[in-house]
Amino acid sequence: MAAPEWSQPPAVVGGGESPDDVEQLELELLLEAVYRRYGYDFRQYAPASLRRRLRRRQDAEDVATLSQLQDRLLHDPACMERLLLDLSISVTAMFRDPSFYLAFRSIVAPALRTYPFTRLWCAGCSTGEEVYSLAILLQEEGVYERTRIYATDINEQVLDAARAGVFPLDKMKQYTQNYIRAGGTREFSSYYVAAYEGARFSRSLIDNVVFAQHNLAMDRSFNEFNVIVCRNVLIYFDKALQDHVHGLFYESLEHLGVLALGHKESVAFTAHADRYEPLDAVERIYRKVR
Ligand SMILES: C[S@@+](CC[C@H](N)C(=O)[O-])C[C@H]1O[C@@H](n2cnc3c(N)ncnc32)[C@H](O)[C@@H]1O
């Protein structure tokens, strides 16, 4: 019987490896350990930014090598939580890239009006600014009442923040400008009250929102959607994982459903490119046509 692959001897034995080779090996072992211990699969994240973030965590934990970091990760779940925050950078903003929302308002909202009920999946929603922005837009366009938004992220901590809906007061000036540039039709300040802890957004904005943990790399499709919004997430994945997630989106969208990626991402050069037609080529909003 052939020996299992893991028991094969390495091609080079005995010190022929460069420090870079050893670090690459440590990186692979650490990612494998994280996957097997916690189920988080970062094995297909884009390597350059992964290395940068791991190095930062290594410094913050004051450990000399990735192997030492791996040891700590395996035995200390709190360290894993800290790494998770590093790896899944959660930078976001309300009405981020206002031109995206302008396009969404003029192209997608009218289409949604023709449906009695719609399901929208906001994947990689981070601390929720994108979800509240979409809810405001859909409310102003008169379709929020018949929409359910499924807002998901790999990271429970950011989801807790999203559920709370309290954002820094000092961001409100910038968010108001974004909102106006995104075609907002009311007073932005009518959506929140200024409280001690920050700008507390109206709970009515999340009446139709379901927040849930979902890992795009590992979890399956969980519904059929009319719209999927996923912005500034796929950039962290390598090509194979991007393809995998595009497969997930494709099978989760109903026929003529809308995939909204924002200008940093695209379906071009993926295995699914010819299954969509562009509705807005700049904002990368597509319709599934086959
Ligand atoms: C830069 S934020 C983008 C937030 C928001 N979509 C936006 O554009 O403002 C990226 C988010 O993707 C999430 N993320 C990273 N890997 C993920 C995965 N495998 N599954 C689900 N979410 C993931 C991170 O936790 C983070 O909150």
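In this predicted model, strand 4 and strand 5 form a hairpin. Two residues lie between the strands. Strand 4 covers residues 192–195 and runs antiparallel to strand 5, with four bridges joining the pair.

Seven strands form an open sheet, in the order 6-2-1-7-8-10-9. The pairing is mixed. Strand 6 (209–213) and strand 9 (276–280) stand at the edges. Each has a single partner strand, so one side of each is left without a neighbour in the sheet. From one strand to the next, the twist averages 20°.

Within this sheet, strand 7 and strand 8 pair in the parallel sense. Strand 7 spans residues 225–229, and strand 8 spans residues 253–260. Four bridges connect the two. In general, strands of a sheet pair through backbone hydrogen bonds, and the sense can be parallel or antiparallel.

Helix 5, residues 98–113, packs on the sheet. The helix touches strand 1 (118–123), strand 7, strand 8, strand 9 and strand 10 (285–288). The direction of helix 5 makes about 175° with that of strand 7.

The ligand site was then considered. The ligand is surrounded by 21 residues. The closest are Tyr45, Thr92, Glu130, Asp153 and Asn232. Asp153 places a polar side-chain atom 2.6 Å from an oxygen atom of the ligand. A backbone N or O atom of Leu216 lies 2.9 Å from a nitrogen atom of the ligand. For Ile154, a backbone N or O atom lies 3.3 Å from a ligand nitrogen atom. On its own, the ligand has 600 Å² of accessible area, and the protein covers 99% of that area.

Note on methods:
Residues numbered from 1 in each chain as written. Predicted model: local features only at pLDDT ≥ 70, side-chain atom pairs only at ≥ 80, totals over all residues. Heavy atoms only, no water. Pairing = 2+ DSSP bridges. Axes fitted to C-alpha atoms, helices over the stretch in contact; angles between N-to-C directions. Contact = heavy atoms within 4.5 Å. Near = heavy atom within 4 Å. Polar contact = N/O pair within 3.5 Å; in protein donor to acceptor, adjacent residues only side chain to side chain. Areas by Shrake-Rupley, 256 points an atom, 1.4 Å probe, with all protein chains shown as cover.
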